[in-house]
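Biologist: Can you put the model up and walk me through it? I'll ask as we go.

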Amino acid sequence: MKQLTVISGKGGTGKTTITAAFASLAENAVIADCDVDAADMHLILKPEILETMEFTGLKVAEIDESLCIKCGICRDACRFGSISCEITIDPYGCEGCGVCEYVCPEGAIRMVERKAGEAYNSTTRFGPMAHARLGMGEEASGKLVSVVRENAKKLAERYGKDLIIIDGPPGTGCSVIASITGVDMVLVVTEPSLSGIHDLERVVDVAGYFKIPAAVCINKYDINEENSQRIESYCRDNGIEVVGKLPYDDTPTKAMIEEKTVIEYSDGEFASMVRSLWENVKDGLLQHAQKRDGELPVVQRQ
Amino acid sequence: MKIAIASGKGGTGKTTVAVNLALSLENVQLFDCDVEEPNCHLFLGFDLEKVEDVNIPVPLVEKDKCDFCGKCSEFCQYHAIAVIPKDVLVFPALCHGCGGCTLVCPQEAISEENRSIGIIERNKDKTGGLVFYRGLLNIGEPMASPVIHALQKHIDENKAAIIDAPPGTACPVIASIGDMDYCILVTESTPFGFHDLKLAIDVVRILGIPFGVIINRSDIGDEKVEQYCLEEGIPVLMKIQNDRNIARLYSEGIPFVSRMPEWKERFVRMFEIIRSEINEEVMK
C-alpha cells in the first residue's frame with residue numbers, strides 16, 4: 001500500500017483543492033483529511049459518515065473545591081502556568097501531565113478524561129474517506145492525525161485499496177509530523193511568494209529530517225514568474241522534482257462554491273493541467289515506493 | 001493593549017494584515033507567533049538578533065542510582081520515558097517538560113537538562129518605532145506552544161502589541177490568542193474561508209475575546225461571509241478586494257501600505273475603532 005501526503009508549510013496555497021482533485025482522479029484510493037483542526041475536504045467530497053469514533057486526548061485536571069485548602073502547592077508545581085492564583089484550572093492550558101494531582105496534599109485534584117474530538121469513517125462518491133474533527137484548542141492534534149491515518153489504513157484493507165491520499169495541515173509542528181511519518185512521498189504545494197518559498201524550504205527540511213522524499217507543485221506560478229524560477233532552481237539544487245505548475249485561475253473558487261472538484265467542474269485547461277500533475281505524482285510515488293521496497297537502487301542525488 | 005490576528009484557514013492574509021497594521025501605527029510592537037512558519041520578517045527587512053533559546057527541561061537519568069522500578073514511565077502521560085528490564089530510555093522529542101518523572105522517582109535518580117526546541121529573535125535596530133519579535137520552532141520539533149509562550153513574555157504591556165497568530169484552532173492558536181484584548185479574524189469570501197471562520201469564531205467566543213472580521217479577497221467568492229457577519233452582529237472591520245497589485249507586492253515581500261499610502265489611514269481608523277471597543281469592554 002502506498003501513501004502520499006499533500007503539505008505546504010504555508011497555509012492557503014491550494015492543498016485541499018489539489019488533494020480533492022486527486023481524489024476524483026485516483027482509481028483505487030482512500031482519502032484521509034489530516035488537517036484536523038480546520039478540515040475543509042468534506043465541503044467538496046460531501047462524505048456520508050458511516051462510523052463515528054469518540055476521541056479522548058490528554059486528561060485534564062479537576063479540583064474538588066470541597067477538599068481544596070488553597071495551599072498553592074499545585075500552582076507552584078505546574079510547569080504550564082495553568083493553575084491560577086485563586087487555584088482554578090485553565091482547561092485550555094492544562095497539558096494533562098498529572099503533576100498537580102501527585103503533589104496535592106489533600107487529594108483534591110484528579111485527572112479526568114475529556115472528549116477532544118471525533119474521528120469518522122465515511123463513504124464519498126470517490127471512495128472511502130477517513131476524517132476527524134478536533135475539539136477547540138485541543139493539545140492532541142498529532143494524536144488525532146495518527147487515529148485518522150490508522151482508520152485510513154483499515155479502510156484501505158477493508159475495501160482493497162492500494163493508495164492513501166492524505167491532505168495535511170499547514171505548518172511544521174506536531175500534526176504535520178504525524179501526517180508525514182512513514183509515507184512514501186510528500187507533495188509540497190507552494191506559491192511564488194517570498195512567504196511561500198520560505199515556508200517551502202522549512203517544510204522540505206522537515207520531510208528531509210524524517211527521510212521522506214518530496215516533490216513540489218508551484219500553484220499560481222504566474223503571479224510572480226521570477227520567484228517561480230527561484231523555486232525551480234531551489235528544487236533542482238536539492239534534487240526535488242517539480243511535478244507541476246498551475247496558473248492563477250478562478251476555477252478552484254468556482255468549483256468550491258459548487259462543491260465540486262476542479263476535475264468535475266470543467267474539462268478546461270486548468271483541469272487538464274491538474275490531470276498531468278496527478279500523472280507525474282503517481283509516477284514519482286511509484287518510483288519512491290519501489291526504492292523503499294528495494295526494487296530499484298536508491299540513486300544518491302546531488 | 002494586545003490585538004491578535006488569527007484566521008482558522010491558512011493563507012487568508014493574517015501576516016499581510018499584521019504587518020501592514022503595525023507599519024501604519026506609531027510606537028507599536030509586532031510579535032510573529034506563527035513559530036512553525038513565521039513570515040513577518042520577510043516584509044520588514046530587519047536584521048534580527050537572537051534573544052534566547054527556548055528550552056524544555058527533559059529528564060536525565062543517573063543509571064547507577066536507578067533500580068528500574070518503572071514509576072517514571074508509569075507516570076509519564078507522553079510516553080517520553082520507558083523502562084525496560086535493565087535500562088531506561090528517554091525520548092526527548094515527546095517530553096513536555098512537566099517534571100513529573102523527577103518528582104515520582106523514589107531513588108532520586110532523575111534530574112533535568114535543558115533541550116532547545118526553538119529560539120526567540122528581535123530586530124537589532126532598537127531606534128526605530130517598531131519593536132519586532134519572532135519565535136522560530138526548530139525543524140523536526142513538534143511542540144510550538146512553549147516557543148509561543150516564551151515569545152509573549154517579551155510583550156511590553158504599556159504599549160500596543162500586534163500578534164500574528166498561526167492558522168487552525170488547536171493548541172498553538174490558544175497559546176497565541178488566549179491572553180489577548182481583541183482578535184481580528186481574517187477570512188476570504190470562499191466556502192473554505194467561511195467554514196474555517198466559523199471554527200475560529202467558536203474559539204474566540206469560548207475564550208471570551210471580543211473580535212471583528214476582515215474579509216480579504218472579498219470579491220472572489222460569494223456573499224455568505226458578509227451575510228453571516230451581518231446576521232450575527234459581528235463587525236466587518238475591513239474589506240480588501242482581490243487586487244493583483246497587492247498580490248504581486250505580497251509575493252515580493254513588500255508591505256502594500258508602503259506603496260498604497262491611502263491604506264495606512266484605513267488601518268489607523270480600524271485600530272481606533274478597535275481601541276474604543278476594548279475601552280468599552282474594560283468599562284463593562
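Biologist: What does the domain assignment give for chain B?
Modeller: This is a predicted model. For chain B the assignment gives domain 1 as 2-46 + 125-283 and domain 2 as 57-115.

Biologist: How many Å separate the centres of domain 1 and domain 2 of chain B?
Modeller: The centres of domain 1 and domain 2 of chain B, taken over C-alpha atoms, are 40 Å apart.

Biologist: And which bounds does chain A get from its domain assignment?
Modeller: In chain A, domain 1 is 2-56 + 117-292 and domain 2 is 58-113. Their centres, over C-alpha atoms, are separated by 40 Å.

Biologist: How many residues of domain 1 of chain A are in contact with domain 2 of chain A?
Modeller: Domain 1 of chain A puts 4 residues in contact with 4 residues of domain 2 of chain A. On the domain 1 side, the classes are 1 nonpolar, 2 polar and 1 charged.

Biologist: Back to chain B. How many helices and strands does its secondary structure come to?
Modeller: Chain B has 10 helices and 11 strands. Its C-alpha trace spans about 70 × 45 × 40 Å along the principal axes. Of the 284 residues in chain B, 50% count as buried.

Biologist: What is the strand order in the open sheet of chain B?
Modeller: The open sheet has 9 strands in the order β3-β6-β7-β2-β8-β1-β9-β10-β11 (chain B), and the pairing is mixed. β3 (48-61) and β11 (236-240) of chain B each have a single partner strand, so one side of each has no neighbour in the sheet. From one strand to the next, the twist averages 20°.

Biologist: Which helix packs on the sheet and touches β1, β2, β8, β9 and β10 of chain B?
Modeller: That is α1 (residues 14-24) of chain B. The direction of α1 makes about 160° with that of β8(B).

Biologist: And which strands does α10 of chain B lie across?
Modeller: Helix α10 (residues 262-283) of chain B lies across β1, β9 and β11 of chain B. Relative to β11(B), α10 runs at about 165°.

Biologist: Now β8(B). In which sense do β1(B) and β8(B) pair?
Modeller: They pair in the parallel sense, over 4 bridges. β2(B) also runs parallel to β8(B), and 4 bridges join that pair.

Biologist: Which residue of β8(B) does B:Ile3 stand opposite?
Modeller: B:Ile3 stands opposite B:Ile162.

Biologist: Are the residues pointing each way from β8(B) buried or exposed?
Modeller: B:Ala161 and B:Ile163 point one way, B:Ile162 and B:Asp164 the other, and all of them are buried.

Biologist: Now the two chains. How many residues does the contact take from each?
Modeller: It takes 52 residues from chain B and 49 residues from chain A. On the chain B side, the elements giving two or more residues are α4 (100-104), α6 (171-177), α7 (191-207) and α9 (244-251).

Biologist: Which of those gives the most?
Modeller: α7(B) does, with 8 residues. The chain B side as a whole divides into 24 nonpolar, 20 polar and 8 charged residues.

Biologist: At what angle do α7(B) and α8 of chain B pack?
Modeller: α7(B) and α8 (residues 224-232) of chain B pack at about 30°, and their axes are 9 Å apart. At that angle α7(B) counts as roughly parallel to α8(B), because the cut-off is under 35 degrees.

Biologist: Which residues make that contact?
Modeller: α7(B) supplies B:Gly193, B:Phe194 and B:Leu197, and α8(B) supplies B:Lys224, B:Val225 and B:Tyr228. By class, the residues in the contact of α7(B) with α8(B) are 4 nonpolar, 1 polar and 1 charged.

Definitions and conventions. Residues are numbered from 1 along each chain as its sequence is written. Chains are lettered from A and ligands numbered from 1 in the order in which they are written. This is a predicted model: local features need pLDDT of at least 70, side-chain atom pairs count only at pLDDT 80 or more; totals for chains, interfaces and linings use all residues. Two strands pair if DSSP finds at least two bridges between them. Axes are lines fitted to C-alpha atoms, for helices over the stretch in contact, and angles run from 0 to 180 degrees between N-to-C directions. Two residues are in contact if their C-beta atoms, placed from the backbone, lie within 7 Å. Ala, Val, Leu, Ile, Met, Phe, Trp, Tyr, Cys and Pro count as nonpolar, Asp, Glu, Lys and Arg as charged, and the others, Gly among them, as polar. Domain bounds come from an automatic or database domain assignment. Angles under 35 degrees count as roughly parallel, over 145 as roughly antiparallel, 65 to 115 as roughly perpendicular and the rest as oblique. A residue is buried if 20 or more other C-beta atoms lie within 10 Å of its own, exposed if 12 or fewer, and partly exposed in between; C-beta atoms are placed from the backbone.
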